[in-house]
Amino acid sequence: MSIELAMPKLGLTMKTGKVSKWFVAEGAAVKQGDDLFEVETDKITNKVESPADGVLFQILVQPKQEVAVGAVLGILAEPGENVARVEGASDSPASAPAEAGAPKPEKTNGPAAAQTSSTGGASSPAARRLARELGIDLGCVTGTGPNGRIIERDVQARHEIVGKIKITPLAAVIAAKAGLDLSTLTGTGEGGKIVREDVDRVLHPEKFVAAATAAAAASAPQTGPVPMEGMRKAIADNMMASLQNAAQLTLVSEADMTPCVNLINDFKARNKRDKNFRLSMNDVLILAVSKALQKHPRMNATFDGEIITRHAEVHMGVAVALPEGLVVPVLHNAHAMGLLEIAKEVRLLAGRARKNELTPDDMSGGTFTITNMAHSVVDFFTPILKPGEAGILGVGRVVEKPVIRNGSMAARSMMGLSLTFDHRLEDGAPAAEFLKTLVEYLADPALLLF
């Protein structure tokens with residue numbers, strides 16, 4: 001049965017989206033999990049995968065057309081299936097969701113589906129009951145009963161395997177259909193979890209060789225005309241809107257990061273046996289900035305053109321550099337997190353950013369932003385405000401410098417800080433007080449405990 005490919009709702013705030021490109025042409029065969037098309041919003045771009053094996057029968061919405069969430073973008077059909085074409089649809093935007101009563105994709109998780117294994121064998125009532133209790137997909141279970149019937153012990157055996165191996169549901173289904181032994185797979189996901197890419201790497205190694213070759217080519221210096229589109233255009237529009245609609249001023253200062261450097265080194269020494277332990281200076285900065293913003297809520301503000309809203313909660317934007325540009329996912333409720341929780345959550349956000357898996361909700365609701373150039377040779381710069389926010393902190397590198405204290409000279413780890421703020425929303429003196437508090441916190445991290 002054919003499947004309507006709809007504009008996905010990638011976040012609670014998303015109302016419309018634009019198809020920036022199709023990765024396959026009409027009539028091309030696709031497999032479940034293959035990239036079908038790319039969706040572009042005013043914040044991010046996201047690749048959408050094929051929900052099943054089949055043929056892209058018809059494209060209804062062409063690239064660059066903006067449509068409502070739920071609008072039908074194309075039709076995926078089974079090979080050889082006789083499906084009526086929607087005449088003229090590919091020449092005009094599909095601007096509304098599918099009408100009530102339109103054919104829907106067949107569901108595979110209902111009672112009928114639960115009674116059949118991937119090899120077509122039936123399953124016993126006891127097996128179905130146990131599968132529901134344990135959360136086991138019967139499509140991943142091999143039946144050992146008469147005529148391949150799935151019985152209770154088959155479900156239990158599957159649970160014992162899956163219970164010891166961390167794997168995503170989609171990866172488990174693909175591996176089961178291919179007959180792969182999960183114990184032979186190496187997980188690259190969070191905490192060693194097996195993800196779809198790990199299974200594909202075994203089934204289709206040629207794709208990853210091609211991807212590596214393409215990545216190498218992409219990293220080479222690019223010359224010639226480059227279209228202003230996708231992420232690059234979104235960045236350009238946001239930066240111009242920010243500069244044209246805010247009175248931006250930048251204050252700079254230096255912070256003595258020696259105590260923070262010692263703190264991080266101490267944490268790393270205490271957790272040296274934990275291969276997954278990560279803690280960076282950026283994590284400490286997020287904690288310190290969150291505390292400073294709570295002391296100076298006038299800097300933790302947003303502006304909608306009429307009303308200035310000063311927030312009690314800190315939702316920290318964290319700039320992440322990607323090969324194709326910069327994205328700023330938001331660490332929501334950063335003020336309520338401890339240092340190690342911040343470290344964990346920021347890595348999850350950055351990981352989703354690098355995999356192009358951020359949702360509009362990940363990109364919305366920020367109240368302040370940190371942009372970090374500590375890995376470069378930059379000490380100070382003039383960061384540009386994220387539209388609507390009162391402030392952004394630019395972070396430079398950590399450099400050992402001779403510093404005179406109490407008449408004595410000593411080597412200290414110093415960091416440049418550049419605070420850009422909207423002078424319409426805040427004056428220079430209060431902004432300087434916020435920066436002073438932040439410098440004090442960084443010079444004495446024990447203050448962050450209170």
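Biologist: Which residues does alanine 255 touch, not counting residues up to four places away in sequence?

Modeller: In this predicted model, alanine 255 lies in strand E9. Leaving out residues up to four places away in sequence, its contacts are Ser413, Met414, Met415, Leu417, Val439 and Leu442.

Biologist: Is alanine 255 buried or exposed?

Modeller: Buried means under 20% relative accessible area. The relative accessible area of alanine 255 is 0%, so the residue counts as buried.

Biologist: How many residues apart in sequence are alanine 255 and methionine 415?

Modeller: Methionine 415 is one of the residues that alanine 255 touches. From C-alpha to C-alpha the two are 5.2 Å apart in space, while their separation in sequence is 160 residues.

Biologist: Which strands stand at the edges of the open sheet of six strands?

Modeller: The order of this open sheet is E9-E18-E17-E16-E12-E15, and its pairing is mixed. An edge strand has a single partner strand, so one side of it is left without a neighbour in the sheet; this applies to E9 (248–256) and E15 (330–331).

Biologist: Why is strand E16 largely enclosed by the rest of the structure?

Modeller: Strand E16 spans residues 368–372. Three bridges join E16 to E12 (residues 316–318), running parallel, and four bridges pair E16 with E17 (residues 391–405), also in the parallel sense. The strand is largely enclosed because four of its five residues are buried.

Biologist: What angle does the direction of H9 make with that of E16?

Modeller: Helix H9 packs on the sheet, where it touches E12, E15, E16, E17 and strand E18 (408–422). Relative to the direction of E16, that of H9 makes an angle of about 155 degrees.

Biologist: Which residues have the most contacts inside the largest nonpolar core?

Modeller: Nonpolar side chains tend to be buried together in soluble globular proteins. Here the largest nonpolar core has 53 residues, and its largest share, nine residues, comes from helix H9 (residues 281–295). Another core, of 21 residues, lies apart from it and includes Leu5 and Trp22. Inside the largest core, the residues with the most contacts are Met316, Leu393 and Leu417.

Biologist: Which face of helix H2 carries Pro125, Arg132 and Glu133?

Modeller: The buried residues of H2 (residues 125–134) are Ala127, Arg128, Leu130 and Ala131. Down the helix axis they fall within an arc of 165 degrees, so they line one face of H2. Pro125, Arg132 and Glu133 are exposed, and they sit on the face turned away from the buried side.

Biologist: Is aspartate 198 buried or exposed?

Modeller: Aspartate 198 is found in helix H5 (residues 196–203). Its contacts beyond four places in sequence include Leu185, Thr188 and Lys193. With a relative accessibility of 3%, aspartate 198 counts as buried.

Notes: Residues numbered from 1 in each chain as written. Predicted model: local features only at pLDDT ≥ 70, side-chain atom pairs only at ≥ 80, totals over all residues. Heavy atoms only, no water. Helix = DSSP H or I, 4+ residues; strand = E, 2+ residues; numbered from the N terminus. Buried < 20%, exposed > 50% of the residue type's maximum accessible area, 1.4 Å probe, protein only. Contact = heavy atoms within 4.5 Å. Core = buried A, V, L, I, M, F, W, Y, C linked by side-chain atoms within 4.5 Å. Pairing = 2+ DSSP bridges. Arc of directions from axis to C-beta. Axes fitted to C-alpha atoms, helices over the stretch in contact; angles between N-to-C directions.
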